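I opened the notebook for a new chain today. I plan to go from the overall fold to single residues.

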Amino acid sequence: MRIDKFLKVSRIIKRRSVAKEIADKGRITINDRIAKSSSDVSTNDTIVIKFGNKTLTILVKALLDTTKKDDAQKMYEIVSEDYEHDYRNE
């Protein structure tokens with residue numbers, strides 16, 4: 001499955017066009033390799049996504065073509081969620 005579709009179906013990113021844009025800017029890595037929007041994702045892959053201040057690391061658990069909201073979180077496991085500056089504690 002393509003990375004942009006995985007991010008949309010798993011509801012990590014709401015729109016596939018946004019996932020494509022982030023990937024094409026080099027802000028997503030799959031197993032320590034920079035990913036393009038067309039890069040393939042497999043189960044047990046580690047994906048690192050850089051959102052401005054936040055870096056999200058996830059482990060792919062399952063690949064589903066479509067999901068309901070409750071099933072979307074079964075597709076991945078959050079390994080870490082790091083912030084350059086944590087504004088939540090101010």
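How many helices and strands does the secondary structure of the protein chain come to? I count three helices and five strands. I note at the start that this is a predicted model.

**Entry 1: the whole chain**

I read the elements from the N terminus on, and they run α-α-β-β-β-β-α-β. I then looked up the radius of gyration, which is 13 Å. The globule rule gives 12 Å for 90 residues, so the chain is as compact as a globular protein of that length. Along the principal axes, the C-alpha atoms fill a box of roughly 40 × 30 × 25 Å.

Next I checked burial. Of the 90 residues, 32% are buried. The accessible surface comes to about 6000 Å², and carbon and sulfur atoms hold 44% of that. I also looked at contacts with a separation of 6 or more: residues 24 or more positions apart account for 41% of them.

I find 19 positive and 15 negative side chains. The centres of the two sets lie 6 Å apart.

Is strand 4 mostly buried or exposed? Five of its seven residues are buried, so the rest of the structure largely encloses strand 4.

I looked up both pairings. Strand 3, residues 46-51, runs antiparallel to strand 4, and six bridges join the two. In this pair I located Lys-50 opposite Thr-55 of strand 4. The hairpin of strand 3 and strand 4 has two residues between the strands. There, Gly-52 takes a positive phi near 40°.

On to strand 5, residues 76-83. Strand 5 pairs with strand 4 in the antiparallel sense, over seven bridges. Here Leu-56 stands opposite Glu-81 of strand 5. I keep one general point beside this entry: side chains in a regular strand alternate between the two faces of the sheet.

I picked Thr-29, which lies in strand 1, residues 28-30. Its relative accessible area is 18%; the cut-off for buried is under 20%, so Thr-29 counts as buried. What is Thr-29 in contact with, leaving aside neighbours within four places in sequence? I list Ile-34, Ala-35, Thr-46, Ile-47 and Val-48.

The loop between strand 1 and strand 2 (33-34) holds Asn-31. Asn-31 is not a glycine, yet I read a positive phi of about 50°. Its relative accessibility is 40%, so Asn-31 counts as partly exposed.

Asp-32 sits in the loop between strand 1 and strand 2 as well. I read a phi near 65° for Asp-32, a positive value in a residue other than glycine. Asp-32 is exposed, at a relative accessible area of 76%.

**Entry 2: Asp-65**

Where is Asp-65 found? I place Asp-65 in the loop between strand 4 (54-60) and helix 3 (69-72). Its relative accessibility is 56%, so Asp-65 counts as exposed.

I then listed what Asp-65 touches, not counting residues up to four places away in sequence. The list reads Met-1, Lys-5 and Val-9. I also looked up the separation from Lys-54. Asp-65 and Lys-54 are 11 residues apart in sequence. In space they are 27 Å apart, C-alpha to C-alpha.

How values were computed:
Residues are numbered from 1 along each chain as its sequence is written. This is a predicted model: local features need pLDDT of at least 70, side-chain atom pairs count only at pLDDT 80 or more; totals for chains, interfaces and linings use all residues. Side-chain values use heavy atoms; hydrogens and water are left out. Helices (H or I, at least four residues) and strands (E, at least two) are DSSP runs, numbered from the N terminus. Buried means under 20% relative accessible area, exposed over 50%, partly exposed in between (1.4 Å probe, protein chains only). Contact means heavy atoms within 4.5 Å. Two strands pair if DSSP finds at least two bridges between them. The radius of gyration is taken over C-alpha atoms; the globule rule is 2.2 Å times the number of residues to the power 0.38. Accessible areas come from the Shrake-Rupley method with a 1.4 Å probe; for residues, only the protein chains shown count as cover. Lys and Arg count as positive and Asp and Glu as negative; His and the chain ends are not counted. The place of a charge is taken as NZ of Lys, CZ of Arg, CG of Asp or CD of Glu.
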